[in-house]
Each structure stands twice: as structure tokens, then as C-alpha cells.
Amino acid sequence: MSMSVFRRSVVLAACMSTLLALGACSIFSKDDTRYDPAPLTEYKPGMSVRQVWSVSAGSGSGLGFYPTVVGEAVYAATPNGTVGKYDLLSGRALWRTDAKTDLSAGAGSDGVTTVVASAGGDVIAFDDTGKLIWKVRATSEVDQPPVVGHGLVVVRTGDYRITAYDARSGDRVWSVQRPGPALALRTSSRMIMAEGLVIAGLPGGKMMAINGDSGNVQWEGTVATARGGSDLERLNDVVGAPHLIGPLMCAVAYQGRIVCFDVSQGGRTVWAKDFSSAVGLGADETAVYAPDQHSTVFAFSLRDGTNLWKQDALRNRHLTAPVPIGPAVAVGDYDGYVHFLSREDGRLLARLSVGGDAIVSPLQVTSQGVLVQTGNGNLVMIGTN
């Protein structure tokens, strides 16, 4: 399959699988309301939230964009090529630069090197003044934020390859590739670095942990196994970011399962449940939170996977992966709202409109509150005290 055909197939798969009540796909009758976003409902407020600051980080947003927080700085990029560093406390721009090309993903940073990916497949690195230091061509398009740390820049490309570059020079250090399915879900996915390992979810329901120094694969696990006869039915990609909570690593797949592995025991499966999410999960020391593909939010016991609660008041509102903060878990939606649900029982506690159309970039918890990259390219800090 040519890369152009592959890209079209990915877009079709995402369109079909997420049902896109926003109107991008018109495969359902106009009288079919099953996939209509739930209207906002009244609730008894249970916490106070407010906008602390807002700043433009550029124009637009996308599934490959995720701001990175390092210390008291935020690094962010937008599809129009704007890359910047912002003060976490005030939102003040510390530097901004133009990558001089449209971007597909960013921004990864360790506070020294900040990296984005271009729509043409270039990996582009800047120093901490915003000066370009190197640019290399990846083997395929990059639609996940690069991960930067331990002297490495790591990207995952559309040909199912994970490649590490030297953060100072851009020289390739190692590369790992696995065969992939004919179709992959285009959604918000991210790698993480932890304890010297690069941990990534892959299309086809697989998880992989790679030694950052050597590029050797330390562990591979299965989150979900493909089912069905057609390529669309067999879509079961790991989505969102894997989460490490003590010895447990948890992940979720579309049309697959939600699973927690014990990495201290060689990746033994602690519990697993059939589940389907298009965006990923959040977790704390007691529970794992995830919206299913229809945006009903579930909480599962971290210990054994027992279903603790579910909340369907936000059904079909195309939620982001949940992030725990204080007494709540926060999710963004298709209409620019951020909702706060009780960690205890899932009831609605608060909501705030940040505008900017659909929130597709994952939310991020910081020392100052919840950081949102909006659909129009703004950065917004929501305080919860």
C-alpha cells in the first residue's frame, strides 16, 4: 500500500470508528440521534474552577499536539508552525519562533531542547532560546508529539517505527520497527519515558518498552487482540498514553481491552476488561478512568479492575482522556468545555468553557491547575483552588 493510500485509509478508519457526530461523516440518517452529543445538564456545583490565564500559542490544534511542562515553563506548538515557551504561572510568552512550515506534532521538550514535527516528515529541534539547532527527515509522517529526555529525541512514525535521535546533534541513535495492520486509528496517542525506558502503545493492540540507551526491546505485551473479518472490525490500536502507577502500567485500546500490567513481575497481567476507547485513560493511586468510544466515563479499581462508577451525562461529547486533579477528574469536550467529575462517584462537580472549538489535545495537570490547549491554538490554565 502506498503512503498516500495509507493516509486515506487512516482518515477513513478514524471517521468510521469515532462516528463523528460533529458532521465530518454523513453515513447515518439525519433522523438517527443515537450519536448526537448529550446536551449540557444542570448539576449541583461541588468545586470551584476559574480561568487563571489564557494566551495564544499560534493557530489551530490537532491530535498530534500536546504542551509539555518542564519546571515552571510550558512548551507548545500549533499546526501553523508556531513554537513557543510560556511562563507556567502567568502564561507570558518567554520566546516564540516560526518553524517556517506546517506542523503535524509537538511540542516535546526537556527544558533544553524543544522538538516538533513538520507535515512533510521533518523532525525539527530548537534550543531554549528558540533558535533552530537541527532538522532531520523521518522515515514517514510523525503524528505523535516527540518525547525528549536523557539526551534523546524519540519519535514514532506512520510506518510503525520508533526512532531515537541524539538531542544535541540530531544523529540517529537507534530505531525499532514492528509490522503493523492495514488500518490504524488516527487519534491522540503518546509515548512516555520512565526509568530509562521508552514506553509506547502501537497499532494492533501491542505495548512496547525500549531501553533508551541501547534501543533493545525490554518487554512487549498485548493490550488487545484483533477480532472480526474486516480491517475496520479489526482496528484495536492502543490509544492515549500508557500510565505508570507504582509497579502497574495501564493502557487501553480501541475495540479491545483496558489492562493493567505488573512491570515488577515481568509485565504480568493483573487485570483486564473488554473495553473500547478512542482517546485513552487517566489514573491515580486508587482508580483508572476512561471514556468509552461513546464518551461514557468509567472508573475501575486500580487493584482489581472492579467497576466503581460510570457517568453517561457527557455521552457523545467526544471527550479527551481524563486527568485526575484534587477531588475530580477533568475531561475536555467537542464544544470547548472542560468538565470536572467526582473521583468518588462520577457526579458532575463543575464545568468551564474555554472556547476555541473542540478540545482534541489531552489535558495536563500542573502545579497551577489544568492546562488546556484549545482547538484554536490558545493555552488556558484552569485553577481549581
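1. Is Asp128 buried, partly exposed or exposed? Asp128 is partly exposed, at a relative accessible area of 25%. Here, buried stands for under 20% relative accessible area, exposed for over 50%, and partly exposed for what lies in between (1.4 Å probe, protein chains only).

2. The model is predicted: local features need pLDDT of at least 70, side-chain atom pairs count only at pLDDT 80 or more, and totals for chains, interfaces and linings use all residues. Residues are numbered from 1 along each chain as its sequence is written, and side-chain values use heavy atoms, with hydrogens and water left out.

3. The structure contains 10 salt bridges, a salt bridge being a side-chain nitrogen of Lys or Arg within 4 Å of a carboxyl oxygen of Asp or Glu. One of them joins the side chains of Asp128 and Lys85, at 2.8 Å from N to O. Asp128 sits in the loop between strand E8 (122–126) and strand E9 (132–137), and Lys85 in strand E4 (residues 82–87), so this pair ties together parts that are 43 residues apart in sequence. Strands (E, at least two residues) and helices (H or I, at least four residues) are DSSP runs, numbered from the N terminus. Lys85 is buried, with a relative accessible area of 14%.

4. A salt bridge also connects the side chains of Asp284 and Arg343, at 2.6 Å from N to O. The pair links distant parts of the chain, 59 residues apart: Asp284 is in the loop between strand E22 (282–283) and strand E23 (287–291), and Arg343 in the loop between strand E28 (337–342) and strand E29 (348–353). Asp284 counts as buried at 6% relative accessibility, whereas Arg343 counts as partly exposed at 22%.

5. Six of its seven residues are buried, so E20 is largely enclosed by the rest of the structure. E20 pairs with strand E19 (residues 248–253) in the antiparallel sense over five bridges, where pairing requires that DSSP find at least two bridges between two strands. The two strands form a hairpin with two residues between them, and Gln255 in the turn has a positive phi of about 50°. On its other pairing, E20 meets strand E21 (residues 268–275), again in the antiparallel sense, over seven bridges. The hairpin of E20 and E21 has five residues between the strands, and Gly266 in the turn has a positive phi of about 70°.

6. Leu248 stands opposite Asp262, and in E21 the bridge partner of Asp262 is Arg268. Arg268 and Asp262 also form a salt bridge, with the closest N and O atoms 3.9 Å apart. Asp262 is buried, with a relative accessible area of 7%, while Arg268 counts as partly exposed at 40% relative accessibility.

7. Which cysteines form a disulfide? Cys250 and Cys260 do, with their sulfur atoms 2.0 Å apart; the criterion is a pair of cysteine sulfur atoms within 2.5 Å. A search of the whole structure finds one disulfide. The pair links distant parts of the chain, with Cys250 in strand E19 and Cys260 in strand E20, 10 residues apart. The torsion about the S-S bond of Cys250 and Cys260 is about 105°, so the disulfide is right-handed. Cys250 is buried, with a relative accessible area of 0%, and Cys260 is buried, with a relative accessible area of 0%.

8. Ser277 is located in the loop between E21 and E22. At 0% relative accessibility, Ser277 counts as buried. The side chain of Ser277 reaches the backbone nitrogen of Gly280 at 3.2 Å. Leaving aside residues up to four places away in sequence, Ser277 touches Val239, Val252, Ala253, Tyr254, Pro291, Asp292 and Gln293, contact being defined as heavy atoms within 4.5 Å.

9. Thr163 belongs to strand E12 (residues 161–166) and, at 2% relative accessibility, counts as buried. A polar contact of 3.3 Å joins the side chains of Thr163 and Ser175. The term denotes a pair of N or O atoms within 3.5 Å; within protein, one must be able to donate a hydrogen and the other to accept it, and residues adjacent in sequence count only if both atoms are side-chain atoms. Not counting residues up to four places away in sequence, Thr163 touches Val153, Val154, Val155, Arg172, Trp174 and Ser175.
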